[in-house]
Amino acid sequence: MILGGLKKNFPYPEKFCPYCNKPLIAINAIHSAENLHNFKVLYFDNNIDCPAYDEGARLAYARIYYSSQEAYNAFYNVEIPVQRWSQEYLYSIYK
Ligand SMILES: [Zn+2]
């Protein structure tokens, strides 16, 4: 079973934008109900000064992280809902 959404106070690994080196923001995640440490998390870079950021084109740096090979196997084809932009658009660019 899959649990959707970020878990409060969960120690998501810190990730940094490769373009501007700012910390990325975890915006959504899915976890395995059997083991919360198997998860997939989506990060966004919210830095508008980032060289990869383009509001007009609705592009910003984003990345998906899997906590383990097991998490990858379970979640690679499970999409994470994204509110900021359309999911289809995001996933066509950042997989
Ligand atoms: Zn950046």
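From the N terminus on, the order is β-β-β-β-α-α. This is a predicted model, so local features need pLDDT of at least 70 and side-chain atom pairs count only at pLDDT 80 or more, while totals for chains, interfaces and linings use all residues. Residues are numbered from 1 along each chain as its sequence is written.

Next, burial. A residue is buried if 20 or more other C-beta atoms, placed from the backbone, lie within 10 Å of its own; 12 or fewer is exposed, and in between is partly exposed. Of the 95 residues in the protein chain, 21% are buried.

Now the core. A nonpolar core is a set of buried Ala, Val, Leu, Ile, Met, Phe, Trp, Tyr and Cys residues joined through C-beta atoms within 7 Å. The largest one here has 14 residues, and among those with the most contacts inside it are Phe39, Val41 and Phe44. At least two residues of this core come from each of β2 (25-32), β3 (39-44) and α1 (69-75). β3 gives the most, with 5 residues.

Contact here means C-beta atoms, placed from the backbone, within 7 Å. Beyond its neighbours within four places in sequence, Phe39 is in contact with residues including Ala29, Ile30 and Ala71.

Last, Asn38, in the loop between β2 and β3. Is Asn38 buried or exposed? Asn38 is buried, because 21 other C-beta atoms lie within 10 Å. Its C-alpha atom is 8.8 Å from that of Gln69, 31 residues apart along the chain.

Definitions and conventions:
Helix = DSSP H or I, 4+ residues; strand = E, 2+ residues; numbered from the N terminus. Contact = placed C-beta atoms within 7 Å.
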